Amino acid sequence: MERSKQIQGLRAVAVALVVFFHAGWLPGGYIGVDVFYVISGFLITGLILRDKSFSFAHFYARRAKRLLPASFLVLGVTSIFFWVLAPVISRAQFSKDLLASTWYVSNYLYAHWQNDYQNLGATPSPLIHFWSLAVEEQFYLIWPLLLLIFRKQVKVVVLGITLLSFVSSIFLIEHSPIFAFYSLPTRAFELGLGAAIFLFSRSLPSWKFSTWIGLAAVAFGAFAFDSHTASPGFPALLPIFGAGLIIISRESNPFLEMPIMQSLGNWSYSIYLWHWPILILPTLYLQRSLKFEEKIVCLSLCLVLAAITFEYVENPIRLAKIS
C-alpha cells in the first residue's frame, strides 16, 4: 500500500512536469514522460509475472478498458473543436494526426515528419502528445510475449534488452535525434529499468532519504534540461534513476502521499490527455500565444475535465467486469 501511494504521487509529479513544459514554464519538463515509462515498466512487468494463469486476451482487454475510453473521448472532443476553431487549411494534416493517434503509431509518423517535440513549432498538432501513448501501446503488445517466452531467463533478457536499447539510443541521438526521441527501441531502456526494478526488488537496497534524492534528481533534470539537451541517451539516466529510487524506497514520503498528490496521480492519465489540446486549440483560433492568466484558466479547465473523465469514464469502465 505504501509503495502504491509513492507511485501515485510520482505519477502526479510526472504529469505536472509535462504540463508545465507545455505551458512554457519548465524547460526540461518533458522528462515527465521518462518517469512515466519507468513506472509503466515496473507495474506492467509485475502484472504479467505475478499472474500464474496469465491470459493474453485478459491482459489486452484490461489494457483496452484502462486506456482506450478516455483516449477516444479526448480524440473525439479535440476533433470537433479543431474543425470549429482551426483554419480550414490545417484540416488535412490534422486528419493524418488523428488517424495516427487512433492507431497508436503517431510516434513513428511524427519522427518521419520531423516534428521536434522538444522544440515545438508555431502551429504544433493538438495531438502530438499521443506519441508517448503510442510507445506504451507498442510496449504492451511486445512485452508480455517476451516475458513469457523467456520466463526462465527473464532477468538476463530484461537486462540485455535494457542495455541494448540504451546503447542504440546513444548511437541514434547522434545520427537521427528525432527518431531516437520518439521510437520504442530507443525508449525501451526506460521501461526496461522499471521492469528490472521489479525483478530485482527483493535484493535492491532502500537508502535513507532515497525518495527525496530521487525527487531532487527529477527536479534538477526538469530545470537543467532544455530543447538543446540530447534526449533520451545519457541525460535520461538522471530522471529515470531518480524515479527508480522513489519506486524502490520503503520510506513513507509526506510530499508524495499528500491527498492532493494522490488525487493528481489518479487523474494523471486524463490530465495528460486533456492538457495539450486545451492549451493549443485556443492558440490556433486566436493566432497568438496564450497569456499567463489564459494558461491558468486552460489548465484549471484541464483539471476539471480530468477529474470528470476519471470519475465517469476511466474508473467505471476500468472496474467493469470482463464477460
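Visitor: Which residues line the largest cavity?
Guide: In this predicted model, local features need pLDDT of at least 70 and side-chain atom pairs count only at pLDDT 80 or more, while totals for chains, interfaces and linings use all residues. Residues are numbered from 1 along each chain as its sequence is written, and side-chain values use heavy atoms, with hydrogens and water left out. A cavity is a set of points, on a 1 Å grid over the protein atoms alone, where a 1.4 Å probe fits but cannot get out, and a lining residue has an atom within 4 Å of a point. For the largest cavity, the lining is made up of Leu47, Asp51, Phe54, Ser55, His58, Phe59 and Arg62.

Visitor: How much space lies in the largest cavity?
Guide: The count comes to two cavities of 30 Å³ or more, where a volume is the space filled by probe spheres set on grid points joined across faces, edges and corners. The second largest cavity holds about 30 Å³, and the space in the largest cavity is about 50 Å³.

Visitor: Which helix gives the most to the lining of the largest cavity?
Guide: By class, this lining has three nonpolar, two polar and two charged residues, with Ala, Val, Leu, Ile, Met, Phe, Trp, Tyr, Cys and Pro taken as nonpolar, Asp, Glu, Lys and Arg as charged, and the others as polar. Helices are DSSP runs of H or I with at least four residues, numbered from the N terminus. With three residues in the lining of the largest cavity, the helix that gives the most is α3 (residues 56-85).

Visitor: Which element gives the most to the lining of the second largest cavity?
Guide: Trp143, Leu146, Leu147, Phe150, Val154, Val157, Val158 and Ile161 line the second largest cavity, and two or more of its lining residues come from each of α6 (130-149) and α7 (154-175). By class, this lining has eight nonpolar, no polar and no charged residues. With four residues, the element that gives the most is α7.

Visitor: Which element gives the most to the lining of the largest pocket?
Guide: The largest pocket, a pocket being an open set of points with protein on both sides within 12 Å along at least five of seven lines, holds about 1,100 Å³ of space. Of the 38 residues that line the largest pocket, the closest to its centre are Arg11, Leu43, Ile44, Arg63 and Arg66. The lining residues divide into 18 nonpolar, nine polar and 11 charged. With 11 residues in the lining of the largest pocket, the element that gives the most is α2.

Visitor: At roughly what angle do the axes of α2 and α3 cross?
Guide: Contact, meaning heavy atoms within 4.5 Å, is made by Ile44, Leu47 and Ile48 of α2 and Phe59, Arg62 and Arg63 of α3. These contact residues divide into four nonpolar, no polar and two charged. The axes, lines fitted to C-alpha atoms over the stretch in contact, with angles from 0 to 180 degrees between N-to-C directions, come within 11 Å and cross at roughly 145°.

Visitor: Which side chain meets Asp34 in a salt bridge?
Guide: Four salt bridges are found in the whole structure, each a side-chain nitrogen of Lys or Arg within 4 Å of a carboxyl oxygen of Asp or Glu. At 3.1 Å from N to O, the side chain that meets Asp34 is that of Arg187.

Visitor: Where is the place of Pro232?
Guide: The peptide bond from Ser231 to Pro232 is cis, with omega near 10°. Pro232 belongs to the loop between α10 (210-224) and α11 (237-248).

Visitor: Where is Phe209 found?
Guide: Phe209 has phi near 70°, a positive value in a residue other than glycine. Phe209 lies in the loop between α9 and α10.
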